[in-house]
Amino acid sequence: EDQVTQSPEALRLQEGESSSLNCSYTVSGLRGLFWYRQDPGKGPEFLFTLYSAGEEKEKERLKATLTKKESFLHITAPKPEDSATYLCAVHENRDDKIIFGKGTRLHILP
Amino acid sequence: DGGITQSPKYLFRKEGQNVTLSCEQNLNHDAMYWYRQDPGQGLRLIYYSQIVNDFQKGDIAEGYSVSREKKESFPLTVTSAQKNPTAFYLCASRSSYNSPLHFGNGTRLTVT
């Protein structure tokens, strides 16, 4: 069964303490992998799309990378405003489904 | 401004009643999706539609129905057959083959 697994479920960091979030996936063929940020009570906000192994994308303090089996979202010197739930989703070749992981709740302490 | 509008933001219903959630987009996107989000469960796919007058079941379609009569509209009906309807419902759309989903701000449905 196709699956998207995110780890850790929750992460608390001090302001300025860099870390990485993981998204591992098992699909028959990857069409694209997406990262989103979600604030409480809001819809997810798109961050990055990655299409092939080795690809990297950056935006401010965030950098997303992709291998054949997993993706990482690296956060460098985070600030309290980076606190949110970060969601990973995969779009597979077989059909038009886009499947989400359960997310990582990130809390940055000032 | 272009975007996806979900209404209402909060919806309350009595058990046994059907309820329809609205989703409208003015992005001219072809594909539209409905997800359900529960605490600790992430987003689970209910239904999706790639073109007008066509839609497919997602992973948790039981107890739900949809229609796609217009490109810009994809309403979701939560029927009385849905055993646990209380949840946060998210509608999304995307423009083309490899493009990401764009989400509305959700409808929180409470059934008592």
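Which residue in β10(B) is the bridge partner of S93(B)? I looked it up and found H102(B).

Ground rules first. I am working on a predicted model, where local features need pLDDT of at least 70, side-chain atom pairs count only at pLDDT 80 or more, and totals for chains, interfaces and linings use all residues. Residues are numbered from 1 along each chain as its sequence is written, chains are lettered from A and ligands numbered from 1 in the order in which they are written, and side-chain values use heavy atoms, with hydrogens and water left out.

Entry on β9(B). Strands here are DSSP runs of E, at least two residues, numbered from the N terminus. I checked burial (under 20% relative accessible area, 1.4 Å probe, protein chains only). In β9 (residues 87–94) of chain B, 8 of the 8 residues are buried, so the strand is largely enclosed by the rest of the structure. A87(B), Y89(B), C91(B) and S93(B) point one way, while F88(B), L90(B), A92(B) and R94(B) point the other way.

Entry on pairing (at least two DSSP bridges between two strands). I find β9(B) antiparallel to β4 (residues 31–38) of chain B over 7 bridges, with M32(B) opposite S93(B). β9(B) also pairs in the antiparallel sense with β11 (residues 107–111) of chain B over 3 bridges, where Y89(B) stands opposite T107(B). To β10 (residues 102–103) of chain B I count 2 bridges, again antiparallel.

Entry on the interface. I find 21 residues of chain A in contact (heavy atoms within 4.5 Å) with 24 residues of chain B. I noted 2 salt bridges between the chains (side-chain nitrogen of Lys or Arg within 4 Å of a carboxyl oxygen of Asp or Glu). One joins K97(A) and D59(B) at 3.0 Å, N to O.

Methods. Buried means under 20% relative accessible area, exposed over 50%, partly exposed in between (1.4 Å probe, protein chains only). Helices (H or I, at least four residues) and strands (E, at least two) are DSSP runs, numbered from the N terminus.
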